[in-house]
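Subject: Structure handover and notes

Dear colleague,

I am passing on the structure below, together with my notes on what I found in it. Please read the notes with the coordinates open beside you.

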Amino acid sequence: MKAYTLKKRKNTEEYHLFEGDFSIEPCTSNKLSICKKMDKSESLGNTFMCYTEDKARKRIAEIGRSVCGVCTSHLYTTF
């Protein structure tokens, strides 16, 4: 199961989603966002962290259009 963290970018105030693992407490997240357009160091901080895919979908829907569309679409991809 993947862990998801949402961060707000400093200079644009757009939100980006980071994927990680629950293997280490509390959880991990990758250095780059799912869309690869944001590095962790560009963040104002976490909006949420260690969310499951379902919980992340719900929270992102509440936040709305300021969340990166590429990052959001990753949560709806079927394999």
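Does Ser29 count as buried or exposed? Please keep in mind that the model is predicted, and that what follows was computed from its atoms. Ser29 counts as buried, because its relative accessibility is 19%, and the limit for that class is under 20%. The residue is found in the loop between strand S2 (15-21) and strand S3 (43-51). If its neighbours within four places in sequence are left aside, Ser29 is in contact with Thr5, Phe18, Glu19, Gly20 and Lys40.

The cysteines took up much of my attention. The count of disulfides comes to one, and this bond joins Cys27 to Cys50, with an S to S distance of 2.1 Å. The angle about the S-S bond is -95°, and the link of Cys27 and Cys50 is left-handed. The pair links distant parts of the chain, since Cys27 lies in the loop between S2 and S3 while Cys50 belongs to strand S3, 23 residues apart. Cys27 counts as buried because its relative accessibility is 12%.

Cys68 counts as buried because its relative accessibility is 5%, and Cys71 counts as buried because its value is 0%.

Cys35 has its place in the loop between S2 and S3, and it counts as buried because its relative accessibility is 13%. Apart from neighbours within four places in sequence, Cys35 is in contact with His16, Cys68, Val70 and Cys71. The C-alpha atoms of Cys35 and Ser73 are separated by 9.7 Å, although these residues are 38 residues apart along the chain.

Ile60, leaving aside its neighbours within four places in sequence, is in contact with Leu6, Leu17, Phe48, Val67, Thr72 and Leu75.

Lastly, the rings. A pair of aromatic rings is described by the distance of the centres and the angle of the planes. The count of such pairs here comes to one, formed by Phe48 and Tyr51, which are stacked at 4.1 Å centre to centre with 5° between the planes. Both Phe48 and Tyr51 are buried. Where do charged ends sit over a ring, as those of Lys7 and Arg57 do? The charged end of Lys7 sits over the ring of Phe18, 5.8 Å from its centre, and the charged end of Arg57 sits over the ring of Tyr76, 5.1 Å from its centre.

Notes. Residues numbered from 1 in each chain as written. Predicted model: local features only at pLDDT ≥ 70, side-chain atom pairs only at ≥ 80, totals over all residues. Heavy atoms only, no water. Phe/Tyr/Trp six-rings, centres within 6.5 Å; stacked < 30°, edge-to-face > 60°. Buried < 20%, exposed > 50% of the residue type's maximum accessible area, 1.4 Å probe, protein only. Lys NZ or Arg CZ within 6 Å of the ring centre and 35° of its normal. Helix = DSSP H or I, 4+ residues; strand = E, 2+ residues; numbered from the N terminus. Contact = heavy atoms within 4.5 Å. Disulfide = S-S within 2.5 Å.
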